[in-house]
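Please look over the chain shown here before reading the briefing that follows.

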Amino acid sequence: MTTIEGSVALVTGGSRGIGRALVTALYERGAKKVYATARDPRTVTHPDAVPLALEVSDPVSVAAAAEQAQDVTLLINNAGASVNASFLDAPVEDVRREFETNFFGPLLVTRAFVPVIERNGGGHILNVHSVLSWLGVAGSYSASKAALWSQTNSLRLDLRPRGIEVTGLHVGYVDTDMTAKIDAPKVTPESVAAQALDGIEADAFEVLADDLTRQVKAGLAADLSTLYPQLAA
């Protein structure tokens with residue numbers, strides 16, 4: 001079982017939203033040190049966090065962060081982008097940009113920190129997905145999160161023999177800046193963070209953080225018209 005108390009964690013995108021809530025929750029559960037990354041580390045506001053500059057899609061930036069954080073035992077890949085590019089109308093570069101952040105970003109960070117976590121005796125990785133990993137309704141965002149879900153499932157198999165457990169966190173609407181213009185029921189970042197850390201400590205394969213996510217996951221075995229009612233019209 002993974003123990004957060006006494007761990008050294010790194011949270012990508014740790015300056016706002018779910019990432020900021022995760023940093024706070026980690027310290028509340030007794031983490032010894034938490035690196036909070038951001039493109040601009042001056043935006044990290046938690047008084048105890050260790051700010052760390054990181055652009056997840058830049059291999060040089062990722063390597064530099066891994067060099068500075070050699071004591072990490074718990075990695076949380078939270079940083080993401082929401083471009084929502086249309087596959088038919090948007091520039092293909094926009095689709096690629098979404099994948100660079102949401103798929104290749106976590107991959108680069110994971111590859112950089114797996115040797116670190118191994119040297120420190122093993123640990124845990126949490127990847128932040130979305131309910132849209134299972135719903136193709138947001139163009140490039142849905143596709144990038146679906147690809148990240150698949151990446152997480154593969155990494156779980158690859159890393160368990162190396163002493164590293166992997167958890168996937170799926171969320172629907174969370175009350176953050178990203179969803180400010182969406183009128184729908186939302187869960188708080190604090191609730192998501194608490195459930196995520198519960199999942200880490202239980203070595204859960206997946207955490208489904210709200211009713212919408214649990215409903216959609218349960219519907220994956222049904223006919224496609226259940227998830228996409230417009231197909232039944």
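Contact, as the word is used here, means heavy atoms within 4.5 Å. On that basis, residues 24 or more positions apart account for 64% of the contacts in the protein chain with a separation of 6 or more. This is a predicted model, in which local features need pLDDT of at least 70 and side-chain atom pairs count only at pLDDT 80 or more, whereas totals for chains, interfaces and linings use all residues. Residues are numbered from 1 along each chain as its sequence is written, and side-chain values use heavy atoms, with hydrogens and water left out.

**Overall fold**

- The secondary structure of the protein chain comes to seven helices and seven strands, where helices (H or I, at least four residues) and strands (E, at least two) are DSSP runs numbered from the N terminus.
- Read along the sequence, these elements give the pattern β-α-β-β-α-β-α-β-α-β-α-β-α-α.
- The radius of gyration, taken over C-alpha atoms, is compared with a globule rule of 2.2 Å times the number of residues to the power 0.38; the protein chain has a value of 17 Å, close to the 17 Å that the rule gives for 233 residues, so it is as compact as a globular protein of that length.
- Along its principal axes, the C-alpha trace of the protein chain spans about 55 × 35 × 35 Å.

**Burial and surface**

- Buried means under 20% relative accessible area, exposed means over 50%, and partly exposed lies in between (1.4 Å probe, protein chains only); of the 233 residues of the protein chain, 49% count as buried.
- The protein chain exposes about 11100 Å², of which carbon and sulfur atoms supply 54%, with accessible areas coming from the Shrake-Rupley method with a 1.4 Å probe.

- Helix H3 (residues 92-119) has 28 residues and reaches 40 Å from its first C-alpha to its last, close to the 40 Å expected at 1.5 Å a residue; the expected span is 1.5 Å times one less than the number of residues.
- After H3 comes Gly-121, whose phi is positive, near 95°.
- The 21 residues of H4 should span 30 Å at 1.5 Å a residue, and the end C-alpha atoms of H4 are 30 Å apart, which agrees.
- The buried residues of H4 include Lys-145, Leu-148, Thr-152 and Arg-156, and what covers the buried residues of H4 includes H3, E5, strand E6 (164-170) and strand E7 (206-208).

**Two buried residues**

- His-129 lies in the loop between strand E5 (123-128) and helix H4 (139-159), and it is buried, with a relative accessible area of 2%.
- A polar contact is a pair of N or O atoms within 3.5 Å (within protein, one must be able to donate a hydrogen and the other to accept it, and residues adjacent in sequence count only if both atoms are side-chain atoms); the side chain of His-129 makes such contacts with the side chains of Thr-152, at 2.7 Å, and His-170, at 3.0 Å.
- Leu-74, found in strand E4 (residues 74-77), is buried, with a relative accessible area of 2%, and, not counting residues up to four places away in sequence, the residues that Leu-74 touches include Val-8, Leu-26, His-124 and Ile-200.

- Asn-84, in the loop between E4 and H3, has a positive phi near 55° and counts as partly exposed at 40% relative accessibility.
- Asp-203, in the loop between helix H5 (189-201) and E7, has a positive phi near 55° and counts as buried at 16% relative accessibility.
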